[in-house]
Amino acid sequence: MNNQLRVKKRQPAWMAFVWVLLGTFLLSVILGFAAGFYDGRADGQSGEAPIAHFVTQTDAGFWLVAVIGLLVGGVSLWSGIKWYRGIDEAAQRAHLEAWYWGASIAMFMPMPFITGWIVSPHMMVGWFESWAVSNTQAAALGAMALYLVLLMGYCVAWGVWWWRRR
Amino acid sequence: MKNRLKVLRAERDWSQTDLAEALGVSRQTIHALEAGKYDPSLPLAFKIARLFGQSIEQIFEDQP
């Protein structure tokens, strides 16, 4: 009986994903600090913060941020595809089922509240007024809350998938 | 799906990690396969069969 295993060592594909995420995060931090430092100095001298003004008050600033977001999203997607192709089939199945079931169930969970808030918005309006957020910020918070709910459902379903196969 | 993976592995004195590396999957996947809680894809089943020198039917038992 041949007991010798010919083992082909796998490259840890998830490392590419981690490095890209870390690199993107570090680059964002450095650029943020640099912009903040530059604006801080300019603000001290002339009472204006040109980068903050450019980003938040001009069309060009909006498009610059949108293009950077597109680039970061594209790189994240690319590294995610590399990572996904590197994990084994059970891990892939876990993520697929977790996304389908976790996100579907999580999306359904807040529906009664959302319906209630649409029909009778006074409670939510009261919250936003007490938190002192603008309508735009409230809309952004709503989108972020929806994303977080989906993500939470996905994480729970992923944990359950592996727990059932422990 | 029932299978003889654990027996075949024990006969060869391989650990779950050894088998996982030989098949290019994680140890958790081997654990789930041996426990019958995860059914492998056809390509993985063929890979397992080739590694043990047996047919898929000799390793995996269909449960109607």
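The largest nonpolar core of this predicted model has 25 residues. A nonpolar core is a set of buried Ala, Val, Leu, Ile, Met, Phe, Trp, Tyr and Cys residues joined through side-chain atoms within 4.5 Å. Buried means under 20% relative accessible area, exposed over 50%, and partly exposed in between (1.4 Å probe, protein chains only). I48(B), F52(B) and I59(B) have the most contacts inside the core. Both chains contribute: at least two core residues each come from α4 (89-108) and α7 (135-163) of chain A, and from α1 (5-11), α2 (16-23), α3 (27-34), α4 (42-52) and α5 (56-59) of chain B. The largest share, five residues, is that of α4(B). Helices (H or I, at least four residues) and strands (E, at least two) are DSSP runs, numbered from the N terminus. In soluble globular proteins, nonpolar side chains tend to be buried together.

I59(B) lies in helix α5 of chain B. The residue is buried, with a relative accessible area of 2%. Residues up to four places away in sequence aside, I59(B) touches K2(B), N3(B), R4(B), L5(B) and L8(B), as well as I48(B), A49(B), F52(B) and Q54(B). Contact means heavy atoms within 4.5 Å. Q16(B) is 43 residues from I59(B) along the chain, and their C-alpha atoms are 16 Å apart.

α2(B) packs on α3(B) at an angle of about 105°, with the axes 8 Å apart. α2(B) is therefore roughly perpendicular to α3(B). Axes are lines fitted to C-alpha atoms, for helices over the stretch in contact, and angles run from 0 to 180 degrees between N-to-C directions. Angles under 35 degrees count as roughly parallel, over 145 as roughly antiparallel, 65 to 115 as roughly perpendicular and the rest as oblique. From α2(B), Q16(B), T17(B), L19(B), A20(B) and L23(B) meet R27(B), I30(B), H31(B) and E34(B) of α3(B). Four residues of this contact are nonpolar, three polar and two charged.

Chain A has a mean pLDDT of 84, with 92% of its residues at 70 or more. Its lowest mean, 78, falls in helix α6 (residues 122-131), and its highest, 93, in α4(A). Chain B averages 93, and 98% of the residues score at least 70.

Residues are numbered from 1 along each chain as its sequence is written, and chains are lettered from A in the order in which they are written. In this predicted model, local features need pLDDT of at least 70, side-chain atom pairs count only at pLDDT 80 or more, and totals for chains, interfaces and linings use all residues, while side-chain values use heavy atoms, with hydrogens and water left out.

Key
Ala, Val, Leu, Ile, Met, Phe, Trp, Tyr, Cys and Pro count as nonpolar, Asp, Glu, Lys and Arg as charged, and the others, Gly among them, as polar. pLDDT is the predictor's confidence in each residue, from 0 to 100.
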